[in-house]
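Hi everyone, thanks for making time today.

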Amino acid sequence: IEAQLAAEEELRRSKGRLDALVDAAPVAIVVQDAQGVIMRWSRAAERMFGWSEREVLGAQSPTVAPDMYAEKARFLERIRGGEAFLRKRLDSLKAPA
């Protein structure tokens, strides 16, 4: 039981550190679940997009138009499949040798 209590306390401390980092980040951080539902919306996201975290938690991102939900779902599926878009984009920007 002591080990479990210690693990739960460490998990609480880790979550607190993560929350502090997300809140202090100068860039917008939006955490979504596998279906695209917002689980976390940073203070920078509030400033950048204009919606408070309370307004968007549990909903689809207000930054995506409803007619684009299907395209977003396909994009998320590709990410879950391991496709690395940023890496491919950066590789395509390299100058020829």
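Predicted model: local features only at pLDDT ≥ 70, side-chain atom pairs only at ≥ 80, totals over all residues.

Residues are numbered from 1 along each chain as its sequence is written, and side-chain values use heavy atoms, with hydrogens and water left out.

Let's begin with the hairpin. Helices (H or I, at least four residues) and strands (E, at least two) are DSSP runs, numbered from the N terminus. Strand 1, residues 30–32, pairs with strand 2, residues 38–41, in the antiparallel sense over three bridges; strands pair if DSSP finds at least two bridges between them. Across the pairing, V31 stands opposite R40 of strand 2. Five residues sit between the strands, and G36 in this hairpin takes a positive phi near 85°.

G36 also leads us to the lysine I mentioned. K72 lies in helix 4, and G36 is one of the residues K72 touches, along with Q32, Q60, S61 and V64, not counting residues up to four places away in sequence. Contact here means heavy atoms within 4.5 Å. Is K72 buried or exposed? K72 is buried, where buried means under 20% relative accessible area, exposed over 50%, and partly exposed in between, with a 1.4 Å probe and protein chains only. Yet K72 has no salt bridge, and the nearest side chain of opposite charge, D33, is 7.8 Å away. For charges, Lys and Arg count as positive and Asp and Glu as negative, while His and the chain ends are not counted.

Helix 4 itself runs over residues 69–80; at 1.5 Å a residue its 12 residues should span 16 Å, and its end C-alpha atoms are 16 Å apart, which agrees. That expected span is 1.5 Å times one less than the number of residues. Just after helix 4, G82 takes a positive phi of about 100°.

Now the rings. The structure holds one aromatic pair. The rings of W41 and F49 have centres 5.5 Å apart and planes at 45°, so the pair is tilted. The rule: rings of Phe, Tyr and Trp (its six-membered ring) pair if their centres lie within 6.5 Å, with planes under 30 degrees apart stacked, over 60 edge-to-face and the rest tilted. W41 is buried at 1% relative accessibility, and F49 is partly exposed at 33%.

W41 has another partner: V56 in helix 3, residues 53–56, touches W41 as well as I38, W51 and P62, not counting residues up to four places away in sequence. V56 is buried too, with a relative accessible area of 3%.

Last, how many salt bridges are there? The count comes to 11, each a side-chain nitrogen of Lys or Arg within 4 Å of a carboxyl oxygen of Asp or Glu. In helix 1, residues 2–24, R13 and E9 lie four residues apart, about one turn, and their side chains meet at 3.5 Å, N to O. R13 also meets E10 at 2.8 Å, and E10 meets R17 at 3.1 Å. Elsewhere, K15, D19, D23, R40, R43 and E53 are linked in a network of salt bridges.
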